[in-house]
Amino acid sequence: MPKPIIRTYSRYTRDATALLGGLIRAARKERRLTAQELADRAGISRGLLQRIEKGDLKSGIGAAFEAATIVGVNLFDADQTTLTRHLIQTKDKLALLPKSVRRKSKLVRDDF
């Protein structure tokens, strides 16, 4: 069996991927979408969406861009200082948002 290829990524690439994932997660939560709802709309699995939101570098770029488009994230800001500033702002914003989004359960009417 051939050896797996170990790929290295630049800091800029890691930061850009983390920023895009964070922006997608923040926009999804602001729109009160669950991960499953966004994954269904994007035509991907919930696991793939979670990897995209975590900034996994092995996630498909098309899937990441589709999820970003659905939640209204504008793409491409190429300057390194701007990218870093956006990444810090997104992390701060995510710290203020709830860790998970859940649908409210329907009230059961059991007063026969």
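In this predicted model, helix H1 (residues 11-30) packs against helix H4 (residues 61-71) at an angle of about 35°, and their axes lie 9 Å apart. The crossing of H1 past H4 is left-handed.

**H1 against H4**
- On the H1 side, the contact is made by Leu20, Ile24, Ala27 and Arg28.
- H4 contributes Ala64, Phe65, Ala67, Ala68 and Val71.
- By class, this contact has 8 nonpolar residues, 1 charged residue and no polar ones.

**H1 itself**
- The buried residues of H1 are Asp15, Leu19, Leu20, Gly21, Gly22, Ile24, Ala26, Ala27, Arg28 and Lys29.
- In an α-helix there are 3.6 residues a turn, so residues three or four places apart point the same way.
- Arg32, which follows H1, has a positive phi, near 55°.

**H1 against H3**
- H1 also packs with helix H3 (residues 46-54), at an angle of about 120° and with the axes 6 Å apart.
- Gly21, Gly22, Ile24, Arg25 and Arg28 of H1 meet Leu49, Ile52, Glu53 and Lys54 of H3.
- The residues of this contact divide into 3 nonpolar, 2 polar and 4 charged.
- Ile24 and Arg28 are among the H1 residues in the contact with H4, and both are also listed in the contact with H3.

**Ala64**
- Ala64 is found in helix H4.
- Its relative accessibility is 9%, and because buried means under 20%, Ala64 counts as buried.
- Apart from neighbours within four places in sequence, Ala64 is in contact with Leu20, Ile24 and Ile52.
- Ile44 is 20 residues from Ala64 in sequence, and their C-alpha atoms are 9.8 Å apart in space.

**The whole protein**
- The protein has 5 helices and 0 strands, giving the pattern α-α-α-α-α along the sequence.
- Its radius of gyration is 17 Å, whereas a compact globule of 112 residues would have one near 13 Å.
- Along the principal axes, the C-alpha atoms fill a box of roughly 65 × 45 × 20 Å.
- Of the 112 residues, 30% are buried.
- Among contacts with a separation of 6 or more, 73% are between residues 24 or more positions apart.

Terms used. Residues are numbered from 1 along each chain as its sequence is written. This is a predicted model: local features need pLDDT of at least 70, side-chain atom pairs count only at pLDDT 80 or more; totals for chains, interfaces and linings use all residues. Side-chain values use heavy atoms; hydrogens and water are left out. Axes are lines fitted to C-alpha atoms, for helices over the stretch in contact, and angles run from 0 to 180 degrees between N-to-C directions. Helices (H or I, at least four residues) and strands (E, at least two) are DSSP runs, numbered from the N terminus. A crossing is left-handed if the near helix is turned anticlockwise from the far one by less than a right angle, and right-handed if clockwise. Contact means heavy atoms within 4.5 Å. Ala, Val, Leu, Ile, Met, Phe, Trp, Tyr, Cys and Pro count as nonpolar, Asp, Glu, Lys and Arg as charged, and the others, Gly among them, as polar. Buried means under 20% relative accessible area, exposed over 50%, partly exposed in between (1.4 Å probe, protein chains only). The radius of gyration is taken over C-alpha atoms; the globule rule is 2.2 Å times the number of residues to the power 0.38.
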